Amino acid sequence: YFDAAPMYHNGDCERVTGIALSRHPREKYYIATKLSNFKDCSHEASMQMYRQSFIDLQTDHIDYYLLHSIGRIEDFNRRFLENGMIDFLLEERKAGRIRNLGFSFHGKKEGFDQLLELHSKYHWDFVQIQLNYVDWTHASSRNTDAKYLQEELDKKGIPSIIMEPLLGGRLAKLPKHIADRLKEKDPQKSAASWAFRFAGSPQGVLTVLSGMTYMEHLQDNLSTYSPLNPMNDSEMVFMDETAELMEK
């Protein structure tokens with residue numbers, strides 16, 4: 001599962017992803033990309049961005065297509081409704097060029113609730129949320145607790161895709177007294193593996209995104225998920241205590 005966007009890596013992300021993946025059979029991988037129409041959300045510019053994604057990714061279909069980073073219903077209306085893009089994307093899903101349609105969310109509870117209300121109209125196939133053991137119940141004032149987001153998605157039977165499992169890398173490089181606490185619990189596990197295991201534990205999670213720089217990161221992630229051992233209640237309490245230490 002390769003997560004791309006037109007704006008990533010100074011605009012080169014989709015092009016280089018397309019080059020790399022074109023060497024492999026298309027049925028062997030999933031592509032996710034996004035309509036990142038932040039600067040110009042006109043119908044013409046949005047359509048051009050959508051069409052270019054297929055060219056750059058060298059594919060005839062997108063497995064997971066996201067409305068990129070919506071926080072408020074006003075954002076959705078301006079960037080996807082008023083310009084006719086949501087109606088167009090629904091038709092593209094019917095035609096099979098989009099296999100799954102969803103959105104990524106950053107914002108407050110009210111905006112999330114309003115976007116989920118649209119499920120009956122648009123049928124979101126998935127929603128991408130920020131989830132890690134700090135944001136679970138200790139999200140910043142700009143975001144909503146991931147526990148609430150996940151529970152609301154579960155109620156509607158909408159799978160989640162998880163971003164920021166390491167909170168921008170912070171949960172891989174912990175203060176010594178917190179890292180030591182995790183090592184005491186399990187000396188064999190890395191700090192990152194605790195975060196990835198937490199992020200994969202909710203039942204409704206479809207997949208967890210990871211930005212990996214070195215082969216050992218990939219190997220550690222694979223070890224965590226092969227197989228995934230979901231956290232039990234006592235471990236969830238332990239991780240919440242760890243989050244409280246992080247807050248301090």
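**Buried and exposed residues in a predicted model**

In this predicted model, the side chains of Asp60 and His61 make a polar contact of 2.8 Å.

Q: Where is Asp60 placed, and is Asp60 buried or exposed?
A: Asp60 lies in the loop between α2 (43-57) and β3 (64-70). A residue counts as exposed when its relative accessible area is over 50%. The relative accessibility of Asp60 is 56%, so Asp60 is exposed.

Q: Which residues is Asp60 in contact with, leaving aside neighbours within four places in sequence?
A: The contact with His61 is between side chains, but His61 falls among the neighbours within four places that are left aside here. The contacts that remain for Asp60 are Phe54 and Arg97.

Q: What distance separates the C-alpha atoms of Asp60 and Asp113?
A: Along the chain, Asp60 and Asp113 are 53 residues apart.

Q: Is Glu92 buried or exposed?
A: Glu92 belongs to helix α4 (residues 85-95). Buried means a relative accessible area under 20%. Glu92 has a value of 4%, so Glu92 is buried.

Q: Which side chain is joined to that of Glu92 by a polar contact of 2.8 Å?
A: Not counting residues up to four places away in sequence, Glu92 touches Tyr50, Arg51, Arg97 and Ile98. The polar contact of 2.8 Å joins the side chain of Glu92 to that of Tyr50.

Q: Why do the buried residues of α8 line one face of the helix?
A: In helix α8 (residues 146-156), the buried residues are Ala146, Leu149, Gln150, Glu152 and Leu153. An α-helix has 3.6 residues a turn, so residues three or four places apart point the same way. Seen down the axis of α8, the buried residues line one face because they fall within an arc of 165 degrees.

Q: Which elements do the buried residues of α8 pack against?
A: The helices in question are α5 (109-117) and α7 (135-138). The strands are β4 (101-105), β5 (126-130), β6 (160-163) and β7 (205-208).

Methods: Residues are numbered from 1 along each chain as its sequence is written. This is a predicted model: local features need pLDDT of at least 70, side-chain atom pairs count only at pLDDT 80 or more; totals for chains, interfaces and linings use all residues. Side-chain values use heavy atoms; hydrogens and water are left out. Buried means under 20% relative accessible area, exposed over 50%, partly exposed in between (1.4 Å probe, protein chains only). Helices (H or I, at least four residues) and strands (E, at least two) are DSSP runs, numbered from the N terminus. The arc is that of the directions from the helix axis to the C-beta atoms. Contact means heavy atoms within 4.5 Å. A polar contact is a pair of N or O atoms within 3.5 Å; within protein, one must be able to donate a hydrogen and the other to accept it, and residues adjacent in sequence count only if both atoms are side-chain atoms.
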